[in-house]
Amino acid sequence: MLRRSVAVELEVTRELNKLLCSVESVYLGIVREVVEYAVANNVTSANQLQGLFYSKYRSEYPSLHAHLVIQAIKQAAEIAKSFIERKKEGLVSKTYPEVRSISIRFTEFTWSYDQFIKSIAPVRLELSLLGVRRVVWLRLHKRFWLYWWRVLRGEAELASTLIIKRRTNKWYAVFVFEIKPKEGTPQSVISFDINENTVAISRIDIKTTVDKIADWNRQYMVPELYTIKTDFGRLARRYEKTRNAIIERLKPHFALPSGNYVNVTSTREYRKFVRKLREEDRKVGRVRHVANELTRTPAIIVTEELGNNPQESMISDVGRSELRHRIKQTPFKKLEKAIEDKALERGSKLFRVSSYRNSRICPIHFVRLERTDDWHTLQCPLGHLVDRDYASVTNMAWKTTPESWTKGVWWNMKQEMNWREYEDKHNPVIPQNIVQYIHAVLKTFTASLKKSPAVLARGKPMNPAREADEGWARKPPKREEAG
Ligand SMILES: [Zn+2]
């Protein structure tokens with residue numbers, strides 16, 4: 001089940017604001033007290049804490065709804081628990097967790113959930129606030145309606161707990177939607193490969209009914225090869241420069257009498273500056289853009305099996321610290337996760353193939369490619385150039401077909417490999433008729449390329465300096481050589 005939270009601003013009069021603020025302060029007070037007790041006495045069971053504190057707070061704040069008291073104690077138990085765990089791992093040095101702000105949890109008993117979900121166009125809700133039930137109007141926006149329509153269509157459900165929180169003196173209701181993964185008929189087969197600055201994509205559209213293999217119009221059976229620019233690497237480099245400038249500027253303020261400097265990066269001032277740069281936001285924006293592009297229509301999405309920590313394996317051979325940093329900043333996993341998430345939501349399926357030699361084999365002739373003086377371009381011994389990214393995504397698509405497992409074991413080298421191990425990975429995610437389709441498309445495509453293989457090579461590199469070693473970020477060369 002996928003979850004999506006949607007924050008909606010509340011219409012708040014001065015009076016309502018006062019009311020919400022007092023609920024918040026009482027609720028926060030309870031959380032703080034209970035957390036302190038829980039940590040000091042190492043009690044993290046919500047039930048136990050409720051037994052200890054419930055009647056105390058009920059008599060202290062008789063107008064606060066009983067279920068808000070229960071939620072406050074529950075939240076305190078969660079905070080205490082995670083604090084104690086992190087303390088055990090040595091991740092925190094404080095004695096008590098500092099609870100600065102809190103989101104208030106309204107369960108179905110404390111807001112008008114039943115009424116809300118029965119409505120076709122809910123524009124307001126009711127909250128139980130200090131003995132009064134208040135109507136609150138919502139400033140609804142497009143994102144909310146998109147999810148609400150899904151609720152109406154039975155494709156999503158609204159969670160019964162509503163979160164109310166304050167941010168810079170505005171109040172928000174956070175609705176949590178639980179989305180049922182869609183079942184879609186794939187309209188295309190997409191393979192993608194994440195690089196430092198680009199995402200390479202191969203898209204095969206399934207234009208006709210795949211059952212009628214004989215009727216396929218061969219001229220349409222051409223995979224589209226293209227790249228989306230992400231510039232994660234460039235972005236990381238630019239931000240690094242800015243961060244270094246900030247460090248230099250702050251240094252004089254943190255000089256010690258000995259002439260040394262305090263580690264500037266651990267100061268509050270530095271963190272404040274860095275937060276303002278919003279590097280993460282920009283990265284997330286680009287990640288979303290790519291995920292959207294890849295999942296626009298239901299598709300079978302093919303990608304490489306990334307290890308748990310792709311960055312680490314990629315930098316094992318990379319010496320320069322600046323480059324290491326850039327690779328670390330390339331959000332491979334995040335991108336993959338975002339695509340997987342969106343794919344599920346929109347009825348696409350993700351299929352992982354082994355990353356073995358994807359960018360070392362000619363996808364037309366199945367022979368080993370040789371290096372050229374440009375990292376991005378490889379030479380096929382049969383006399384044509386191949387762009388590394390295109391080879392990679394095309395080979396990934398090949399790997400979904402049975403041919404890849406049998407065809408001269410992929411290339412003509414005497415290589416002992418345990419192919420059974422790979423065969424097991426050939427999983428039933430892709431229906432057999434579509435596998436046949438991919439196979440036919442690739443065969444037609446490569447047959448046509450035998451006459452004009454230039455399609456697989458991109459033009460001369462745009463950058464005369466070539467940034468040749470930038471490409472090392474893509475793949476651990478060692479792993480490829482190993483085979
Ligand atoms: Zn070739």
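Which protein donors hold positions 2.0 to 2.3 Å from the zinc ion? Select the zinc ion and look around it. Keep in mind that this is a predicted model.

**Stop 1: the zinc site**

The donors are Cys362 through SG, His365 through ND1, Cys380 through SG and His384 through NE2. The 4 donor atoms make angles of 99 to 118 degrees, and the site is tetrahedral. For comparison, the ideal angle for four tetrahedral donors is 109.5 degrees. Along the sequence, the donor residues follow the spacing C-x2-H-x14-C-x3-H.

Now pick out His365 and Cys380. His365 sits in the loop between strand S12 (349–353) and strand S13 (370–371), while Cys380 belongs to strand S14 (residues 377–380). This pair links distant parts of the chain, 15 residues apart.

Is Cys380 buried or exposed? Cys380 is buried, because its relative accessible area is 1%. His365 has 21% relative accessibility, so it counts as partly exposed; the cut-off for buried is under 20%.

**Stop 2: the sheet with S14**

Go back to the cartoon and select S13, S14 and S15. They form an open sheet of 3 strands, in the order S13-S14-S15, with antiparallel pairing. S13 and strand S15 (384–387) are the edge strands, and each pairs on one side only. Strands of a sheet pair through backbone hydrogen bonds. Between S13 and S14 there are 2 bridges. To find a facing pair, select Arg371: opposite it, in S14, stands Leu378.

**Stop 3: strand S4 and its partners**

Next, select strand S4 (residues 132–139). How many bridges join strand S3 (residues 124–129) to S4? There are 6, in the antiparallel sense. Here Leu127 faces Arg134 in S4. The hairpin of S3 and S4 has 2 residues between the strands. Click on Leu130 in this hairpin: its phi is positive, near 40 degrees.

S4 also pairs with strand S1 (residues 2–10), again antiparallel, over 2 bridges.

**Stop 4: a nonpolar patch**

Bring back the surface. Colour Ile120, Leu146, Trp149 and Leu152. Together they make a nonpolar surface patch of about 430 Å². Leu152 lies in helix H5 (residues 142–152). Leu152 counts as partly exposed because its relative accessibility is 43%.

**Stop 5: salt bridges**

How many salt bridges does the structure hold? It holds 24. Side chains of opposite charge can pair when their charged atoms come close. Try these examples:

- Select Arg100 and Glu98. Their side chains meet in a salt bridge, 3.0 Å from N to O. Arg100 counts as exposed, because its relative accessibility is 59%.
- Select Glu248 and Lys251. The N to O distance of this salt bridge is 3.6 Å. Lys251, at 24% relative accessibility, counts as partly exposed.
- Select Arg296 and Glu293. Their salt bridge spans 3.3 Å, N to O. Arg296 counts as exposed at 56% relative accessibility, whereas Glu293 counts as buried at 18%.

**Last stop: a network**

Finish by selecting Arg4, Arg150, Lys337, Asp341, Lys342 and Glu345. Salt bridges link these residues in a network.

Definitions and conventions. Residues are numbered from 1 along each chain as its sequence is written. This is a predicted model: local features need pLDDT of at least 70, side-chain atom pairs count only at pLDDT 80 or more; totals for chains, interfaces and linings use all residues. Side-chain values use heavy atoms; hydrogens and water are left out. Patches are made of residues with over 30% relative accessible area and no salt bridge: like charges are joined within 9 Å, nonpolar side chains (Val, Leu, Ile, Met, Phe, Trp, Tyr) within 5 Å. Accessible areas come from the Shrake-Rupley method with a 1.4 Å probe; for residues, only the protein chains shown count as cover. A salt bridge is a side-chain nitrogen of Lys or Arg within 4 Å of a carboxyl oxygen of Asp or Glu. Helices (H or I, at least four residues) and strands (E, at least two) are DSSP runs, numbered from the N terminus. Buried means under 20% relative accessible area, exposed over 50%, partly exposed in between (1.4 Å probe, protein chains only). Donors are N, O and S atoms within 2.8 Å of the metal (3.2 Å for Na, K and Ca); water is not among the atoms, so sites may look incomplete. Four donors count as tetrahedral if all angles lie between 85 and 135 degrees; four count as square planar and six as octahedral if opposite donors are over 155 degrees apart and all others between 65 and 115; anything else is irregular. Two strands pair if DSSP finds at least two bridges between them.
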